[in-house]
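Please set out the local features of this model in a short report.

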Amino acid sequence: MSNVDTVSTDVLVIGGGPSGLATAIHLADILKQKGPGYRILLIEKGSSIGSHILSGAVIKPDVFKELLPGVEFSEIPFNAKVTKDSLVLLREKSSITLPFHIPYMNNTGNYTASAGLICRYLANKAQEKGVEIYTGFAVDEILYKDGKVIGAKTKDTGLDHYGNQLENFQPGTRIEAKITIFAEGTRGSLAKMLMKKFNLTEGKNEQVYSLGVKELWEVPPGNIMPGQVYHTMGYPLNNDEFGGGFIYGLNDNKVAVGLVVGLDFKDPTFDVHDAFQVWKTSSFISQILKGGKLIEYGAKTLPEGGYYAIPKLFVDNALIVGDSAGLVVMPALKGIHLAIKSGMLAAEATANALLKDDTSEMSLQQYETLVYNSIIQKEMYPVRNFRQGFSKGLFVGGLHFGTQLITGGAGFFGRLRSHADNKTTLKLREFKKKPFKERFKGKLEFDKLLTFDKATNVFYSGVYHDEQQVVHLHINDPEKFKAVNIEQYGAPCVFFCSSEVYELHTKKNGEKELRIHAENCMHCKTCDIKSPDDGVTWVVPNGGNGPNFQNM
Ligand SMILES: Cc1cc2nc3c(=O)[nH]c(=O)nc-3n(C[C@H](O)[C@H](O)[C@H](O)COP(=O)(O)OP(=O)(O)OC[C@H]3O[C@@H](n4cnc5c(N)ncnc54)[C@H](O)[C@@H]3O)c2cc1C
């Protein structure tokens, strides 16, 4: 302990995404009015702000006016105002553009954007207001005293694969804070520990997730207009698979394309990356990408359990915001404005707690009250049963959704439950339908022009991990993993991982062994979510490691 540095701050924000940056900005604004002397520290694991940010994105802009009241709206680096917004029923060789919007999917007044660019802009604003931002530091431990959160610690570096200290060993820094804000985004690894320790999900629905795989392209002029937005349903997904595609037209002949698929699929060999490549070959999408070139690639999960899966949001000295709290309106595929709003509300509760010198959970409860009296409640409550309704397939889901629309979200059955995504995969012998590779036979040879294999795609994410470190993907119980994940399920991680991290190697004696290429990891967290029997735990690797997204 003696050589571990300790720093003290009033507020520690873990994560430099929209939620963490909004917390910091709004808090700095409020506290400045009360006099100088408060310290706000924000730690981000990416090598720079934005380097780990991946979103669609079409953004609802109003919350930015609240967050940055003195700023000209035109200064915020949105890309293009949505000019055309269509839902397309996709088939392999044809498509039907629906003449209406499905409720909650209307994007009039919204803007296309790079969420990474928006975050870099917000980080500059935060720094101008006195927030200290440190990038390239991974926070991997919550600090407790007398059972209460008192801050967090950054990760020790300079360890070999077995955890032995090397010559360049650097102990992490203890950051002691009066209040810690968990803003780690989807499936936050510390938020997960916090929820477990304080039982914050008791009585709540299981959180469920989607995996989004995205590419940024530059296409010839005229292929798509800036602000032109399409969402697709159908091909290549079937009735058992929830999800769809997005195509967002950007300035300078850029276009963001992606496929988002619910992780409750049953096929143990389902591969979201490869499904995305197949999606691009449909005539509608391939026309848009024709003559273009790939610029960037990435993948990330998003929480879609909705209202009933929101955990308790406060404990003594700590709050949870944004995706870590599951604040996403799934039918709209939108979480950025709610992440920002939750950060602002957390800032208000935090400022009040600091000013009255009471950071107990009784005092911080105000945050949750504010959340349930805000647009977060207003937007999430009417669709509280949306995602659960689709757990039995698209047809049943559609019927549920119809009844929910006419009953204000209740449907005919009241609260619908959900099942953790790692419980929905079927074992190889139980899965009787055509496995993924057979379904798309002949379509999984990628030409590296329109379609890409995982290894090539990974190159376009700029991913990097230090070689010398303990592998950050922990197989919880190797023997059990072999018996269950490999033998019974056929190693689903090899298929669902969108970055080719997992490889099933057959040894000379025929025995199968899992090899982990942690250096490819995109930090999407799918393996932590989807591995049957809780096979894998994702922990944060060295700071500055991971993808290096520029405009995702
Ligand atoms: C494919 C896809 C498409 C989407 N499309 C849209 C859209 O069109 N519109 C929309 O509004 N929303 C969209 N969303 C959702 C939206 O991106 C999220 O709701 C939003 O980014 C959440 O913000 P956040 O700050 O909570 O988390 P994030 O944006 O994920 O930010 C969290 C940050 O915390 C950092 N971090 C995590 N753990 C640690 C740690 N231990 N130590 C230090 N740093 C850490 C991460 O590196 C990251 O930078 C989409 C999401 C996906 C995946």
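Tyr-230 and Phe-284 are both buried. Here buried means under 20% relative accessible area, exposed means over 50%, and partly exposed lies in between, with a 1.4 Å probe and protein chains only. The model is predicted: local features need pLDDT of at least 70, side-chain atom pairs count only at pLDDT 80 or more, and totals for chains, interfaces and linings use all residues. Residues are numbered from 1 along each chain as its sequence is written, and side-chain values use heavy atoms, with hydrogens and water left out.

## Aromatic rings

A pair of aromatic rings is described by the distance of the centres and the angle of the planes. Rings of Phe, Tyr and Trp (its six-membered ring) pair if their centres lie within 6.5 Å; planes under 30 degrees apart count as stacked, over 60 as edge-to-face and the rest as tilted. The structure holds 22 aromatic pairs. Two of them are tabulated, including the pair of Tyr-230 and the pair of Tyr-307.

| Ring pair | Centre distance | Plane angle | Type |
|---|---|---|---|
| Tyr-230 and Phe-284 | 5.2 Å | 90° | edge-to-face |
| Tyr-307 and Tyr-308 | 5.6 Å | 75° | edge-to-face |

Tyr-230 lies in strand 15 and Phe-284 in helix 6 (residues 283-289), so their pair ties together parts that are 54 residues apart in sequence. Helices (H or I, at least four residues) and strands (E, at least two) are DSSP runs, numbered from the N terminus. Tyr-307 is buried, at 16% relative accessible area. Tyr-308 is buried too, with a value of 16%.

One aromatic cluster is formed by Tyr-104, Phe-242, Phe-386, Phe-390 and Phe-401.

Charges also sit over rings. The criterion is NZ of Lys or CZ of Arg within 6 Å of the ring centre and within 35 degrees of the ring normal. Arg-384 places its charged end over the ring of Tyr-381, 3.8 Å from the centre.

Which strand order does the open sheet of seven strands have? The order is 6-5-15-16-17-14-18, and the pairing is mixed. Two strands pair if DSSP finds at least two bridges between them. Strand 6 (95-97) and strand 18 (293-303) are the edge strands, each pairing on one side only. On average, neighbouring strands are turned by 20° against each other, direction ignored.

Strand 15 (residues 228-234) and strand 16 (residues 243-249) run antiparallel and are joined by four bridges. Tyr-230 stands opposite Ile-247 in strand 16. The loop between strand 15 and strand 16 holds Pro-236. The peptide bond from Tyr-235 to Pro-236 is cis, with omega near 5°.

## Other backbone exceptions

Most residues other than glycine have a negative phi, and most peptide bonds are trans. Gly-56 and Ala-57 are joined by a cis peptide bond, with omega about -5°. Ala-57 is in the loop between strand 2 (40-44) and strand 3.

Tyr-104 has a positive phi, near 80°. Its place is in the loop between strand 6 and strand 7 (111-112). Tyr-104 is partly exposed, at 34% relative accessible area. Asn-253 also has a positive phi, near 60°. Asn-253 sits in the loop between strand 16 and strand 17 (254-262). It is partly exposed, with a relative accessible area of 28%.

## Helix 3

Why does the span of helix 3 (residues 115-128) agree with its 14 residues? At 1.5 Å a residue they should span 20 Å, and the end C-alpha atoms are 20 Å apart. The expected span is 1.5 Å times one less than the number of residues.

The buried residues of helix 3 include Ala-115, Ile-118, Tyr-121 and Leu-122. Their cover includes helix 1 (18-33), strand 3 (58-59), helix 2 (62-67), strand 8 (132-135) and helix 7 (336-355). Gly-130 follows helix 3 and has a positive phi, near 100°.

## Val-501

Val-501 lies in the loop between helix 15 (492-496) and strand 22 (502-506). It is buried, at 2% relative accessible area. Contact means heavy atoms within 4.5 Å. Not counting residues up to four places away in sequence, Val-501 touches Leu-473, Arg-515, Ile-516, His-517, Ala-518, Asn-520 and Cys-521.

Definitions and conventions: Axes fitted to C-alpha atoms, helices over the stretch in contact; angles between N-to-C directions.
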